[in-house]
Every structure is written in C-alpha cells, then in structure tokens.
Amino acid sequence: MTDRILQSGTHIARITAVELPDATFEARVFVRLTREPEIAETYIPAGIFATFDEAMKGAESRAKRALDHDEF
C-alpha cells in the first residue's frame, strides 16, 4: 500500500490503492482538514480497478473532485 497526499487550502486528501483477494485494486480516498488528526478522516470509496496504477489514478481523480467541491 502506497499513500499519496494532495492538499488544497485547508483540506488534505490521502489516496491509496489496496490489492483485493481477486487481484484487483480498490482505490481509496481519505479527506480531512489539515488541522485535524488522521482519525478524523472521511473515507470516500473511489472504485475497483484492474491495476494498481489505474486505481491510484482513479483515487487521485476522486480526491481532486472532493477537494474542489468540498465533499467531506
């Protein structure tokens, strides 16, 4: 599991992709205010993808949408 962080103003989005038992990858997005601890993150599912790279791209796209539209 490799996390990346995106930040927009006072919000942070952490993105990751997790391999599932069927060899697909679940894209995950976690968002929060920069001043909040990780425990306060909101989970946003971003889909299931065939490869790790596709999952990370899907997670990044979903995270950008969440940051742009304050979806928390």
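**Reading the fold**

Q: How many helices and strands does the chain have?
A: The chain has 1 helix and 4 strands. The model is a predicted one. Along the sequence the pattern runs β-β-β-β-α.

Q: Why is the chain called as compact as a globular protein of its length?
A: Its radius of gyration is 12 Å. The globule rule gives 11 Å for 72 residues. The two values are close, so the chain counts as compact as a globular protein of that length. Along the principal axes, the C-alpha atoms fill a box of roughly 35 × 20 × 15 Å.

Q: What share of the residues is buried?
A: Buried residues make up 42% of the 72 in the chain. The accessible surface comes to about 4400 Å². Carbon and sulfur atoms hold 51% of that surface.

Q: What makes β1 and β2 a pair?
A: Pairing needs at least two bridges between the strands. Strand β1 (residues 4–8) and strand β2 (residues 11–19) have 5 bridges, in the antiparallel sense. The cut-off is at least two, so they count as paired. Gln7 stands opposite Ile12 in β2. The two strands form a hairpin with 2 residues between them. Gly9, in the turn, has a positive phi of about 60°.

Q: Which residues are in contact with Ala27, leaving aside its neighbours within four places in sequence?
A: Contact means heavy atoms within 4.5 Å. By that test Ala27 is in contact with Thr16, Pro45, Ala46, Gly47, Phe49, Ala55 and Ala59. Gly47 is 20 residues from Ala27 along the chain, and their C-alpha atoms are separated by 5.5 Å.

Q: How many positive and negative side chains does the chain have?
A: There are 9 positive and 13 negative side chains. The centres of the two sets lie 4 Å apart.

Key
Residues numbered from 1 in each chain as written. Predicted model: local features only at pLDDT ≥ 70, side-chain atom pairs only at ≥ 80, totals over all residues. Heavy atoms only, no water. Rg over C-alpha atoms; globule rule 2.2 N^0.38 Å. Buried < 20%, exposed > 50% of the residue type's maximum accessible area, 1.4 Å probe, protein only. Areas by Shrake-Rupley, 256 points an atom, 1.4 Å probe, with all protein chains shown as cover. Lys, Arg positive; Asp, Glu negative; His and termini not counted. Charge placed at Lys NZ, Arg CZ, Asp CG, Glu CD.
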